[in-house]
Amino acid sequence: MAVDLLLGLQWGDEGKGKIVDVLTSKYNIIARFQGGPNAGHTLVFNGMTHVLHTIPSGIFHDDAINLVGNGVVIDPVIFKRELDKLDEQKVDYTSKLIISRKAHLILPTHRLLDAASETAKGKAKIGSTLKGIGPTYMDKTGRNGIRVGDVELKGWKNRYRNLANKHEAMIDFHNVDIQYDLDELEIEFFEAVELLKSLQFVDSEEYIFQAMKNNKSILAEGAQGSLLDIDFGTYPFVTSSNTTAAGACTGLGIAPNKIGDVFGIFKAYTTRVGSGPFPTELFDKDGETMGRVGHEFGATTGRARRCGWLDLVALRYACQINGVTQLMMMKADVLSGFKTIKVCTAYNYKGESISHLPFNIEKQNVSPIYTEMKGWAEDLTSMDQASQLPQELNAYIDFLEKELDIPITIVSVGPDRKQTIFRS
Ligand code: IMP
């Protein structure tokens, strides 16, 4: 059976966690393939809000197996906190959470190094979540990393020590004021590693292969968004993994010809957190309204997100790179009350109108060209049928479907599982 993918098409925070949760009942296995605790996947149901960082978003369903794939980077300390929360909520994860032996570990010094590197960059900083993501992926590609499977081997603590010593020298090199007590951080780290060891480790590519052979349905869950992809995002203001469809192949060991549907998740407008170009960003009342009504604050860092109109140039690019087969539009309810809705359909690039994403989308090169549409006044949050959607919203959806040539099959009208409208 083919593996379906679910990916964010913008700069992250599209609402992937909610949709994975909504779709989980259709799948046997939910598998995270990249990123780490820089992600914050928010799920709302039965009056409770849950935020997951590393654990796949199918964990609240009784029957789904949740796999943390080889492409993910795991901070045992944050992972332990996530498990503690599940314990508090009496969610039994022991038989349904499995971890790839090939996933890399985030060490305490990776986090410190992230902070030192960002501080040293000054105004040019990426706006990292400071979870140690960049330094951990650097050690992975530099062939120095420590993997989950390593902690089952004798002598791994010597390798840990050598790497941590090297990191401390690198922190010193940055010559910035980072205060830390590594002994204390290590007590917490090694304790958390012990808890991690009590979970089931698997050779995940073999696990996935056998599951496909046995006709199990699998949903690969992406983190962050396509515009934060290390290769195709707005480099250098990106994360350090492949957030796009190709990342699911390398992050789980799925052959490209085994990919089925690709679900692309996007917000009805655009947000971005951290630094980097954002052509449709708003600095006016409209942007402020989107942020306030949409509660646009990071689930991981609490930082206010930058807001702007939907950018179809960027969205088309993301659909192309990922081979999106179905689109899912989130937070349509946040646009209720706007007299007009703007959509960026092309860029003015150095005096020329272009409809593809160029190498450089910094403000000095690019300005958005908008199409304006009529807004709607109706509150959507209690609607549950496509037939209830206001005519102006349907016109907006039709316009997007035509421009992108991909059907929009879900419209989300609020954070709760129930606030999900399926379109045929
Ligand atoms: P890092 O991955 O923490 O190093 O952050 C690199 C960039 O990606 C920063 O601009 C972050 O704000 C952004 N970023 C990382 N993870 C997420 C996410 O889950 N949602 C939104 N932005 C993210």
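Let's start with the ligand: 16 residues surround it, and the closest are N38, T129, T239, V273 and R303. Keep in mind that this is a predicted model.

**Who touches the ligand**
- The side chain of N38 has an N or O atom 2.9 Å from an oxygen atom of the ligand.
- S128 does something along those lines, with a side-chain N or O atom 3.1 Å from a ligand oxygen.
- I126 uses its backbone instead: an N or O atom there lies 3.4 Å from an oxygen atom of the ligand.
- On its own the ligand would expose 470 Å², but the protein buries 96% of that.

**A look at helix 7**
- Helix 7 covers residues 204-213, and its buried residues are S204, I208, A211 and M212.
- Looking down the axis of helix 7, you'd find those buried residues within an arc of 100 degrees, so they line one face of the helix.
- Here's the general idea: an α-helix has 3.6 residues a turn, so residues three or four places apart point the same way.
- Just past the end of helix 7, N215 takes a positive phi of about 65 degrees.

**The whole chain**
- The chain has eleven helices and 20 strands.
- Of its 424 residues, 57% count as buried.
- Its C-alpha atoms fill a box of roughly 65 × 50 × 40 Å along the principal axes.
- A compact globule of 424 residues would have a radius of gyration near 22 Å, and the chain's 21 Å agrees with that.

Methods
Residues numbered from 1 in each chain as written. Predicted model: local features only at pLDDT ≥ 70, side-chain atom pairs only at ≥ 80, totals over all residues. Heavy atoms only, no water. Near = heavy atom within 4 Å. Polar contact = N/O pair within 3.5 Å; in protein donor to acceptor, adjacent residues only side chain to side chain. Areas by Shrake-Rupley, 256 points an atom, 1.4 Å probe, with all protein chains shown as cover. Buried < 20%, exposed > 50% of the residue type's maximum accessible area, 1.4 Å probe, protein only. Helix = DSSP H or I, 4+ residues; strand = E, 2+ residues; numbered from the N terminus. Arc of directions from axis to C-beta. Rg over C-alpha atoms; globule rule 2.2 N^0.38 Å.
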